[in-house]
Amino acid sequence: MTPDVVRVRLLPDYQLEAEFATGEWRVFDMRPYLAYPAFAALTEGSLFMKAHVVLGTVAWTDEIDISPDTLYLRGLPV
């Protein structure tokens, strides 16, 4: 089972750094995902900069979030 996200830091160029409950950090590049309709709004204004942790995942709004599985399995260990 993938650990929950406990903290998120925003990096330049639509990247984020997530800390997991295990203490591990992973860097995840959101740029490839911005082409999908579910994430397209993140390119508007400063919405991407509003990322926060909600119930173990990274979210921007009530409708936009990304699975901790994706962040953990596809993120690069720091």
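A residue is called buried when its relative accessible area is under 20%, exposed when that area is over 50%, and partly exposed in between, as computed with a 1.4 Å probe on protein chains only. By this rule D69 is partly exposed, because its relative accessible area is 37%. The structure is a predicted model, in which local features need pLDDT of at least 70 and side-chain atom pairs count only at pLDDT 80 or more, while totals for chains, interfaces and linings use all residues. Residues are numbered from 1 along each chain as its sequence is written, and side-chain values use heavy atoms, with hydrogens and water left out.

Helices (H or I, at least four residues) and strands (E, at least two) are DSSP runs numbered from the N terminus. D69 belongs to helix 1, which spans residues 68-74. Contact is taken to mean heavy atoms within 4.5 Å. When residues up to four places away in sequence are not counted, D69 touches T2 and R74. Between D69 and R7, which lie 62 residues apart along the chain, the C-alpha atoms are separated by 15 Å.

Strand pairing was assigned where DSSP finds at least two bridges between two strands. Four strands form an open sheet in the order 1-2-3-7, with antiparallel pairing. Strand 1 and strand 7 (76-77) are the edge strands, each of which pairs on one side only. Strand 1 (residues 5-11) and strand 2 (residues 15-20) run antiparallel and are joined by six bridges; in one of these pairings, R9 has E17 of strand 2 as its bridge partner. These two strands form a hairpin with three residues between them, and D13 in the turn has a positive phi of about 60°.

Two loop residues have positive phi values. Y14, in the loop between strand 1 and strand 2, has a positive phi of about 60° although it is not a glycine. Y14 counts as partly exposed because its relative accessibility is 27%. L55 is likewise not a glycine and has a positive phi of about 50°; this residue is found in the loop between strand 4 (52-54) and strand 5 (57-59). L55 counts as exposed because its relative accessibility is 84%.

The interior was examined in terms of nonpolar cores, each a set of buried Ala, Val, Leu, Ile, Met, Phe, Trp, Tyr and Cys residues joined through side-chain atoms within 4.5 Å. The largest nonpolar core has 20 residues, of which L16, M30, L42, V58 and W60 touch the most other members. Strand 1, strand 2 and helix 1 each supply at least two residues of this core, and the largest share, three residues, comes from strand 2. In soluble globular proteins, nonpolar side chains tend to be buried together. Leaving aside neighbours within four places in sequence, L42 is in contact with Y14, M30, L34, L47, F48, W60 and I64.

Aromatic pairs were assigned to rings of Phe, Tyr and Trp (its six-membered ring) whose centres lie within 6.5 Å; planes under 30 degrees apart count as stacked, over 60 as edge-to-face and the rest as tilted. Six aromatic pairs are counted by this rule. The pair of Y14 and F48 is edge-to-face, because the ring centres are 5.2 Å apart and the planes stand at 70°. This pair links distant parts of the chain, 34 residues apart, since Y14 lies in the loop between strand 1 and strand 2 and F48 in the loop between strand 3 and strand 4. F48 counts as buried, with a relative accessibility of 3%. Y33 and Y36 form a tilted pair, at 6.3 Å centre to centre and with 50° between the planes. Y33 is buried at 15% relative accessibility, whereas Y36 is partly exposed at 48%. F28, Y33, Y36 and F39 form one aromatic cluster.

A charge is said to sit over a ring if NZ of Lys or CZ of Arg is within 6 Å of the ring centre and within 35 degrees of the ring normal. The charged end of R9 sits over the ring of W25, 4.1 Å from its centre. For R26, the charged end is placed over the ring of Y72, 4.0 Å from the ring centre.
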